[in-house]
There are 2 protein chains.
Amino acid sequence: MTTDQISITTATHKKEKPSQDQVPFGTIFTDHMFMMNYDTNEGWHDPRIVPYAPISLDPAAMIFHYGQTVFEGLKAYRAEDGRILLFRPEKNFQRLNLSSDRLSIPPIDEERMLEYLIKLLEVEKDWVPSTLKTSLYIRPFIISTEPNLAVGPSRTYTFMIILSPVGSYFPGGIRPVTIHVEEQFTRAAKGGTGMAKTAGNYSSGYQAQAIAKKEGNADVLWLDGAEKKYIEEVGSMNIFFKINGEIITPALTGSILKGITRMSIIELLQSWGMPVTERKISIEEVYQAFTEGTIEEVFGTGTAAIISPIGELNWQGQKMIINNHEIGEVSQKLYDTITGIQRGQLEDPFGWVVALS
Amino acid sequence: MTTDQISITTATHKKEKPSQDQVPFGTIFTDHMFMMNYDTNEGWHDPRIVPYAPISLDPAAMIFHYGQTVFEGLKAYRAEDGRILLFRPEKNFQRLNLSSDRLSIPPIDEERMLEYLIKLLEVEKDWVPSTLKTSLYIRPFIISTEPNLAVGPSRTYTFMIILSPVGSYFPGGIRPVTIHVEEQFTRAAKGGTGMAKTAGNYSSGYQAQAIAKKEGNADVLWLDGAEKKYIEEVGSMNIFFKINGEIITPALTGSILKGITRMSIIELLQSWGMPVTERKISIEEVYQAFTEGTIEEVFGTGTAAIISPIGELNWQGQKMIINNHEIGEVSQKLYDTITGIQRGQLEDPFGWVVALS
């Protein structure tokens, strides 16, 4: 057996699957998971599918102390004809390696990762829910495992993929949310880790998010770390504006996550003859457009919600109501088209969808 | 039994203790560790000393995905009379709670934490090495353990203390190092997590540190995230400059760690009639002082090295040689005084030392 061959250990007890529509996000996991190890002698080795179970780590494992870790998030969908579909999974594994590079983690062969994922999904195919707007959330991640308190890159890692069936992100259909424009806390700085999907980028936002939620906001809009002037991301989503007919999204300057939904929206709008301008956009420019009445739509984009319309932005005590708290035409059309392609209900002219055979 | 009483489970097999002078930093651990759990119903509960062993966590535990974690680092020293001494441990537990606040982790009673640590040290007292310049490194840390992929604060945590005997940081005596002034990568931004001891702050520096080491530097000097103009920290230490008789250290603006060695040095210099100016200091100002020949000493400060003299700063292709690569008079005196107080060889007029009874 070469180390590239996947071994499979089947779970002896299978869990009961949840009622498909009422699953809270990210708390129920399937019967199996994928694991693979890295050390400096063998490289990545021992790919295996094993029963979902706790993992055992030395208390000095570097993940607990210095945060050297990366992750991805994508979904498997059940088409009406029963097929299981993935949406641009190769982009997630490309981005995982980009994140790993930033965090000094050794890369993984991207094609092989996709093979491992597909093999895991074949084992767990009955866990992909079939009711409308549900899906199977896929979480690949790498943790540093060497037991060593000296600050520096780990010499051992574990790569894992776990799967979680998820209900509809918007059970009552998509609806616009209220967002606080954050001026005190910073998500990421130029030269930092903002472009990487790494753990520390997420918990660093909890304090700002808690304050914003207390004040009735769903999440925060992050501004740049240097001047608190330019718009970066909303919560853990990218953001788009439609102002006076122009669709604008912040350029990827290194502190913003290179969203795969973001990329797909840019390509989709382009194909509709609605080019997106990727550039710096300041919160002052947005406020100016609001006062002039030229701001037409604002929406966040990400794997979880696909499109999350923003109905209100709170900035320095000013309430900017967007499109009368209603879903914009472009937002709705993007949501319908992308979710339609993801579920195999609409044609896929871009070759985005990967179907399990 | 109240939940505040510590239970002790003794290890049946004791490890062989290492040769005291040749221990690499942070890879050998003692026979026992301290653990305590948190959940929203019981708060912090079940404090216990148990045999040092791997811990078991769900693969969805939040620590692996969103980096909600904090830690501390301090040392226990063996005095010549055999007593075990701690250096300002209450400051570490105060700072742990400050870090926890930033990361939305529930605080722990600081006095109780010190009691737990002392109890653990009593169990492990034979592990505190006695040869010159060795010590027992103490690592308290908190990890978020709830198995949940929804981004947000965990509802369960584990607090642990592990202990590691460490050899001399400078086996051949302290010696000046060469440091690269980093202009591309950023450690922390205003409004970020720079003032907290949290995992993500450390691995984010690996890429810059690897490049600097390849070019012959021991570590990097971080500049501010906004302008890359003002000096922040060196590696994971605070930094001091002596320029034309004035001792200067960067002010605590929120992106710099509030070092306990830093604080002690400021108090010690003050007591010697050498007040320290805490203010913004730009790399241009340092370079200017270098060209004018007024830069007298530069040194990093932290728990690991206490004082790490800097003999050379590399900035934009310019080599700034400090004090002819020699240890400065103030650096040496600070090192001798603080290590002398820590080991009970010198009088402790500040009441910094806590002795185990």
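Predicted model: local features only at pLDDT ≥ 70, side-chain atom pairs only at ≥ 80, totals over all residues.
Local features need pLDDT of at least 70 and side-chain atom pairs count only at pLDDT 80 or more, while totals for chains, interfaces and linings use all residues. Residues are numbered from 1 along each chain as its sequence is written, chains are lettered from A in the order in which they are written, and side-chain values use heavy atoms, with hydrogens and water left out.

The same surface serves both copies, since 100% of the contact residues of chain A recur in chain B, contact meaning heavy atoms within 4.5 Å.

The two chains bury about 4,600 Å² between them, 61% of it on carbon and sulfur atoms; buried area is the accessible area (1.4 Å probe) that two parts lose on being put together, summed over both. A:Pro59, A:Phe64 and A:Tyr206 supply 15% of the area that chain A buries against chain B, more than any other three residues.

The side of chain A that touches chain B divides by class as follows.

| Class | Residues in chain A |
|---|---|
| Nonpolar (Ala, Val, Leu, Ile, Met, Phe, Trp, Tyr, Cys, Pro) | 31 residues |
| Polar (the others, Gly among them) | 19 residues |

Across the interface the rule finds zero salt bridges, a salt bridge being a side-chain nitrogen of Lys or Arg within 4 Å of a carboxyl oxygen of Asp or Glu.
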